[in-house]
Amino acid sequence: MKTTAALYRWWVRWPEWSAYAAAGWSLLYGVLGLYWTAGGSGFPFAPVHEDRMSGSVLEGSRVEVVAPIMAVLGLLGAGVALVMARGTGNRRVSAALIAVGWTMAAGLTLVIPDYTLLAVLAFAPLFLVFVFTGVPGEQEGIGDILYWHRTNLIIVFVGGLLWAAATLVYQRRARAACGHCGRRSGAAGGGPSRQQLLRWGRWAVAVACLAPLPYEITRLAWYFGYPLGISPDFLRMMQDTPGMLEIGLGCAVASALGGVLTHGLVSGWGEVYPRWIWFKAGQRVPPALAVVPASIVSVTLVPAGLMMLWTTEMRDSWALYVPSLLWLAWGAGLGAATVTYHLRRRGACRHCGLGSDEPGDDVRRDGVAAGVVTMGR
């Protein structure tokens, strides 16, 4: 319990340490860039056998070109992050630092990674089982799945998240706003109303639920023997590969269930537990219970979709290419719906004190709780 409490206290102080963490991450990769430039082994984007390739935009790049760039960007990034951590400068300097920070965050989180994060998220329960039972098939262990070319992309993705957090905090401080919630004392206007946020959220949820439909339909058709959008030979290859169609079906079912949960971002039962959840009925749903998993899924969908823009192998078959490309819309819609849900649900900031002291009152005033009870009967 003491360890959990200590981790929680450390986590809620993220505006204080995120810039230092981004600086440390950048320094590490800057040094590694120098090491690889000098001929060191382990360059994570070097050409490898196709069985070990990732889908990164940098996959197969030349070490003598990319490694020096990594070194320069890493070392400069460490300096920029440290400047962010120490405070704000004049308006022009702040604007430049913010532009650099968001560029780093977008590149590391959305552009360089591939589908690896999405696959790890989708198959996390299986990975836990494989740790104890071993990996079925020809693989000798987890290392044959999460090899260095893929593991590096996970580390790059984490670095992008650190840069996003550091830049967000710096941008808020440049506006004289709270680093935790972004609110400013005495700021004109209260922002979008709850009803306006709800309308925007409904449109975003519609996009997030419609975008994965082609993926779900094609995988369902393949499982039942219909070569929708693919050649009969390709379908026979999947049928002859143990577990391949079953994995596709499982992903389609998980996607559909995720769509049901996505509706909770704009539904009453996403704010107050309905009666059919008897042990929590009538209690408020903790916002983090929806915001955290939805944020993780949305931010991993985008790089998986962007990967399709420079991956040419699957363009001959629309059923392989288009559904994956639509992950971009899926991630963007889910992300927008999550943001509107967060803005509707957030209460008073524990650090600056701004905002409503009783966020639950907003739910009751709008009659959402009454609607949830009715729906749960």
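A: Take a polar contact, a pair of N or O atoms within 3.5 Å; within protein, one must be able to donate a hydrogen and the other to accept it, and residues adjacent in sequence count only if both atoms are side-chain atoms. Here the side chain of Ser 255 makes such a contact, at 2.5 Å, with the side chain of Glu 216. The model is predicted, so local features need pLDDT of at least 70 and side-chain atom pairs count only at pLDDT 80 or more, while totals for chains, interfaces and linings use all residues. Residues are numbered from 1 along each chain as its sequence is written, and side-chain values use heavy atoms, with hydrogens and water left out.

Q: Is Ser 255 buried or exposed, and in which helix is it placed?

A: Buried means under 20% relative accessible area, exposed over 50%, and partly exposed in between (1.4 Å probe, protein chains only). Ser 255 has 6% relative accessibility, so it counts as buried. Helices (H or I, at least four residues) and strands (E, at least two) are DSSP runs, numbered from the N terminus. Ser 255 belongs to helix H11, residues 244–262. A contact means heavy atoms within 4.5 Å. Apart from neighbours within four places in sequence, Ser 255 is in contact with Pro 212, Glu 216 and Trp 330.

Q: How many helices and strands does the chain have, and what share of its residues count as buried?

A: The chain has 16 helices and 0 strands. Of its 377 residues, 41% count as buried.

Q: Which residues have the most contacts inside the largest nonpolar core?

A: A nonpolar core is a set of buried Ala, Val, Leu, Ile, Met, Phe, Trp, Tyr and Cys residues joined through side-chain atoms within 4.5 Å. The largest one has 28 residues, and Phe 43, Met 70, Met 84, Leu 108 and Trp 163 have the most contacts inside it. Helices H2 (14–37), H3 (63–86), H4 (91–111) and H7 (148–174) each give two or more residues to this core. A second, separate core of 24 residues includes Leu 198, Cys 209, Tyr 215 and Tyr 273. Trp 163, not counting residues up to four places away in sequence, touches several residues, among them Ala 22, Gly 77, Met 84 and Leu 108.

Q: How many salt bridges are there?

A: A salt bridge is a side-chain nitrogen of Lys or Arg within 4 Å of a carboxyl oxygen of Asp or Glu. The count comes to 5. One of them joins the side chains of Glu 271 and Arg 194 at 2.8 Å, N to O. This pair links distant parts of the chain, 77 residues apart: Glu 271 is in the loop between H11 and helix H12 (287–306), and Arg 194 is in helix H8 (residues 194–210). Glu 271 is buried, with a relative accessible area of 2%, and Arg 194 is buried at 16%.

Q: Where do Asp 233 and Arg 236 lie, and is Asp 233 buried or exposed?

A: Asp 233 and Arg 236 both lie in helix H10 (residues 232–240), 3 residues apart, about one turn of the helix. Their side chains meet in a salt bridge at 2.0 Å, N to O. Asp 233 counts as exposed at 52% relative accessibility, and Arg 236 is partly exposed at 43%. Elsewhere, salt bridges that share partners join Arg 194, Glu 271 and Arg 344 into one network.
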